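Let's take a walk through a protein together. Keep the picture at hand and look up each residue as we reach it.

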Amino acid sequence: MRSIYDVSPKELEEYFLAKGLKSYRATQVFEAVYRQRVSSFDEITNIKKEVIEDLKKDFTIKIFEVVVHQKSKDGTEKFLFKLEDNNLIETVFMTHNYGTSVCVTSEVGCNMTCAFCASGMHKKLRNLTTGEMVGQIMSVIKESGREVSHIVVMGIGEPFDNYDNVMNFLHIVNNAHGLEIGARHISVSTCGLVPKIYDYAMEDLQSNLAISLHAPNNTIRDQIMPVNKAYRIEELVKAISDYIDATNRRVTIEYILINELNDSVANANELADLLHGLNVYINLIPYNEVKEKPFKRSSKERMTKFYDTLKKRSMNVTLRLEQGSDIDAACGQLRSNNMKK
Ligand code: SAH
């Protein structure tokens, strides 16, 4: 049966209209599900019994079964959830000084096969439905007993390879009768599917874009990110620039620092040249080592030099302190470590 989390407000309105009922019933159901957080339709008291019976026949309100729930000393919580078809997905809940965020998974597995990433070791089995993405937020809220202020679509999977479901998900969590998570508090991260960057620029939602760049040139990017064969770095940077022109929004550039691969002072200068004049913010991330991969985290000294070089070049840059490093925090590690090999 279909999850109520899968249903957009508009679709719910149509559902009620088709039954000859007023469309405001949709708002009532939406508020009950996302504000009151009822766990059964029977808890809804402002809608008549027959309608409730119909809802029960057509939809479920179920949060996920929790397979693993890890809590880190710094407040990060990591969940391994079981889907209806027994596939496992991971979702991370983080605490910041500005609020809390959930890192949402968009696919079962991932086809992008970035060389450094644990997620890409397991091929994509399928897209997550909209409801399964909303379900991650609702499950985290219920399991942690906390509220969510920010969302990053940066879990397992390539969100722009599951574009429509991800966009529907954003609209549901953003809806004013539901969780009402502000679009400016939502970021979607892509490894660089160029045509979808153009589509995303045209969406009527003010959510943010993050790009996993991880290299200052094609030679290095070709070694670690197969997507760079399809869309060269120049094309990607052009898309970023066009996106900024179209939306007037700053773009986040993610750059993981991998020892002796992409972390030299020369690389930092190349990166500054590549992004010069663009309204971007560079987020430097220490690489999380994955035991099956040969890559190492850059030394503190190399990271600091890289950062200083970008600063000197007047780039807008931060060196991110990682969270949850005492649990399986590296992307895809929890799922990978819990799958039968
Ligand atoms: N497919 C999307 C979103 C999922 S990956 C994307 O590529 O942006 C989320 C981020 O984590 C990406 O920037 C990815 O490159 C990065 N990442 C993957 N494995 C990592 C690791 N072991 N250490 C640090 N960052 C990693």
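We will visit the ligand, then some salt bridges, and finally the cysteines.

A word on the ground rules comes before the tour. This is a predicted model, in which local features need pLDDT of at least 70 and side-chain atom pairs count only at pLDDT 80 or more, while totals for chains, interfaces and linings use all residues. Residues are numbered from 1 along each chain as its sequence is written, and side-chain values use heavy atoms, with hydrogens and water left out.

Let's begin at the ligand. Around the ligand there are 18 residues, and those that come nearest are Gly157, Ser189, Ser212, His214 and Asn288; a residue is counted as near if one of its heavy atoms lies within 4 Å of the molecule. By type, this shell divides into nine nonpolar, seven polar and two charged residues. Here Ala, Val, Leu, Ile, Met, Phe, Trp, Tyr, Cys and Pro count as nonpolar, Asp, Glu, Lys and Arg as charged, and the others, Gly among them, as polar.

For Ser212, find a polar side-chain atom, which lies 2.5 Å from an oxygen atom of the ligand. Glu254 also has a polar side-chain atom facing us in this list, 3.4 Å from an oxygen atom of the ligand. How much of the ligand does the protein bury? Taken alone, the ligand exposes 530 Å², and the protein buries 94% of that; such areas come from the Shrake-Rupley method with a 1.4 Å probe, and for residues only the protein chains shown count as cover. Helices (H or I, at least four residues) and strands (E, at least two) are DSSP runs, numbered from the N terminus.

Next come the salt bridges. The structure has 23 of them, each being a side-chain nitrogen of Lys or Arg within 4 Å of a carboxyl oxygen of Asp or Glu. One joins Lys10 to Glu14, with the closest N and O atoms 3.1 Å apart. Both residues sit in helix H1 (residues 9-18), four residues apart, about one turn of the helix. Lys10 is exposed at 57% relative accessibility, whereas Glu14, at 42%, is partly exposed. The words have cut-offs: buried is under 20% relative accessible area, exposed is over 50%, and partly exposed is in between (1.4 Å probe, protein chains only).

A second salt bridge, between Arg35 and Glu180, spans 2.9 Å from N to O. Arg35 is in helix H2 (residues 24-36) and Glu180 is in the loop between helix H5 (163-174) and S10, so this pair ties together parts that are 145 residues apart in sequence. Arg35 is partly exposed at 41%, and Glu180 is partly exposed at 45%.

We end with the cysteines. How many disulfides are found in the whole structure? The search finds zero, a disulfide being a pair of cysteine sulfur atoms within 2.5 Å. For Cys110, the nearest cysteine sulfur belongs to Cys117 and is 6.6 Å away. Cys110 is buried, at 8% relative accessibility. For Cys114, the nearest cysteine sulfur is that of Cys191, 5.5 Å away. Cys114 is buried as well, at 12%.

Note on methods. Polar contact = N/O pair within 3.5 Å; in protein donor to acceptor, adjacent residues only side chain to side chain.
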